[in-house]
Amino acid sequence: MYGSDRAGDDAERTAFRKTEKKYKLYYENSKSTKKKKQPKQVDLSEVLDFKSISESFNQNVELPPGVVHVNCGFDRPIFGLENSPGFYFFPGALTLDEQCTWIRESLTNFPQPPNRTNHNVIYGPISNLFVAAKEGKVFIEEETSDNGLDSEPSASVSNGDSHRWKFYEEDIARSRGKACKTVPASVLLRKLRWSTLGLQFDWSNRNYAVSLPHNKIPNALCQLAKRMAEPAMPIGEEFRPEAAIVNYFGSGDTLGGHLDDMEADWSKPIVSMSFGCKAIFLLGGKSRQDEPLAMFLRSGDVVLMAGEARECFHGVPRIFTDEENAEITPLELRFSDEDDRCFLDYIRTSRININIREKNKELFSKIFCFNNLCFMIVWSFYFHKSEILSLYFYFRSLIFLLFIFQNLSSVKLLFFC
């Protein structure tokens, strides 16, 4: 679909792809269909464990080769990598209360419209998905005309002129039989893969759709991100959260090797927070041919990627949802109340990642306005001086040169001005 078979074969042979397959979840072949599938054993001896590194550092100030301690005034150790400038790892940076707060928010409020999710393409915006899943509701597609249903729906979304989707009680869905399409809310929740906060990201064009309606990132999350971003920020500057992507992972889910390259200024960090089940994170180089370094990500860990680290391929090939490796006992104890049962059921087999970015939209706005001002000047003088077009291109050239000197890492985005 995206290239020739040969290109696909080449991708399979890259060092990054080989490492992804090394840690990916595979199951043992079993002749019995009644037995529960068992995951294949994986050698984890080469996976970097910053939790153990932190404990060792606190005891005897020793670090493994290639790992450095970042002294930035935090109340707990922060580590970096000698070969990856701009990469910062905060093991256990978030308290248990903070973890529970953002797990709740990620499931209840962050997928709410106008925030977009992966479900928008098929179903349109969906309100109160988590509540509907908790109450056992069913999503029903129906004609927009009166359908004769007696029950008052709990939510409704429009998807085109002739159809809409509504949440109904399960018995109402059964009474409809096969006359219409139905999807349990619990299935939709499990198939939730991402939601966007702040400026909305257009996944099809891989760019920010500034024109889409959106709410600002919650202030509490902004303040947390600002505090976490401090070690990676240029001196005298403050991180300004403008957009965030929330990723939802279940057992067997992966995030392939990629670059986060759509922000204007790569000197500003991406702040990435982990919640729920333990995962393996891969940090590679500027090419997929560079062999990546594998490390564990646990609930409460925070990663920063700024500067050169922004140019490195990275991904998540494995989520551990088994009791032995998930390492979520503190969360299980905190979510043990009956009112929190729904959060516990979800997080026992899931991981949530919130990554927060500064798009630098103010810079783009200034350039866009100044560029349009130049165009208006040209238009107003067009009938008086035929040479005025040269003046227009002169102004545009000045803008481009200014942008290049101020944002060398984003020269490619000039073509959109």
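Colleague: Which residues lie nearest the centre of the second largest pocket?
Modeller: This is a predicted model, and the second largest pocket in it has a volume of about 520 Å³. Its lining is made up of 18 residues. Those nearest the centre are Leu 25, Pro 39, Arg 318, Asp 322 and Asn 325.

Colleague: Which elements each supply at least two residues of the lining of the second largest pocket?
Modeller: By type, that lining divides into seven nonpolar, five polar and six charged residues. The elements that each give at least two residues to it are strand 17 and helix 10 (323-326).

Colleague: What volume does the largest pocket have?
Modeller: The largest pocket is lined by 34 residues, and the closest to its centre are Trp 203, Asn 247, Leu 255, His 258 and Asp 260. Strands that give two or more residues to this lining include strand 11 (243-250), strand 12 (255-258) and strand 13 (270-276). The volume of the largest pocket is about 810 Å³.

Colleague: How do the residues of the lining of the largest pocket divide into nonpolar, polar and charged?
Modeller: Strand 16 (302-305), strand 17 (314-319) and strand 18 (350-357) are also among the elements that give two or more residues to the lining. The lining residues divide into 16 nonpolar, nine polar and nine charged.

Colleague: Is Cys 180 buried or exposed?
Modeller: Buried means under 20% relative accessible area. Cys 180 has 15% relative accessibility, so Cys 180 counts as buried.

Colleague: How many disulfides does the structure hold?
Modeller: A disulfide needs a pair of cysteine sulfur atoms within 2.5 Å. Cys 72 is one of the cysteines here, partly exposed with a relative accessible area of 31%. The number of disulfides in the structure is zero.

Colleague: How many residues apart in sequence are the parts that Arg 240 and Glu 358 tie together?
Modeller: Arg 240 and Glu 358 form a salt bridge, with their closest N and O atoms 3.4 Å apart. Arg 240 is in the loop between helix 9 (219-229) and strand 11, while Glu 358 is in the loop between strand 18 and helix 13 (361-381). The pair therefore ties together parts whose separation in sequence is 118 residues.

Colleague: Is Glu 358 buried or exposed?
Modeller: The cut-off for buried is under 20% relative accessible area. Arg 240 is partly exposed, with a relative accessible area of 32%. Glu 358 has 2% relative accessibility, so Glu 358 counts as buried.

Colleague: With which Lys does Glu 358 form a salt bridge?
Modeller: The closest N and O atoms of this pair are 3.3 Å apart. The link joins distant parts of the chain, 90 residues apart, and the partner of Glu 358 is in the loop between strand 12 and strand 13.

Colleague: In which helix do Arg 341 and Asp 345 both lie?
Modeller: The side chains of Arg 341 and Asp 345 meet in a salt bridge, 3.4 Å from N to O. Arg 341 is partly exposed at 40% relative accessible area, and Asp 345 is partly exposed at 38%. They are four residues apart, about one turn of the helix, and that helix is helix 12 (residues 341-347).

Colleague: How many salt bridges does a search of the whole structure find?
Modeller: Some salt bridges share partners, and these join Asp 49, Lys 278, Arg 298 and Glu 327 into one network. Over the whole structure, the search finds a total of 20.

Notes. Residues numbered from 1 in each chain as written. Predicted model: local features only at pLDDT ≥ 70, side-chain atom pairs only at ≥ 80, totals over all residues. Heavy atoms only, no water. 1 Å grid on protein atoms, 1.4 Å probe; cavity = no way out; pocket = protein on both sides within 12 Å on 5 of 7 lines; lining within 4 Å. Points joined across faces, edges and corners; volume = space filled by probe spheres on them. Nonpolar A, V, L, I, M, F, W, Y, C, P; charged D, E, K, R; others polar. Buried < 20%, exposed > 50% of the residue type's maximum accessible area, 1.4 Å probe, protein only. Salt bridge = Lys/Arg side-chain N within 4 Å of Asp/Glu carboxyl O.
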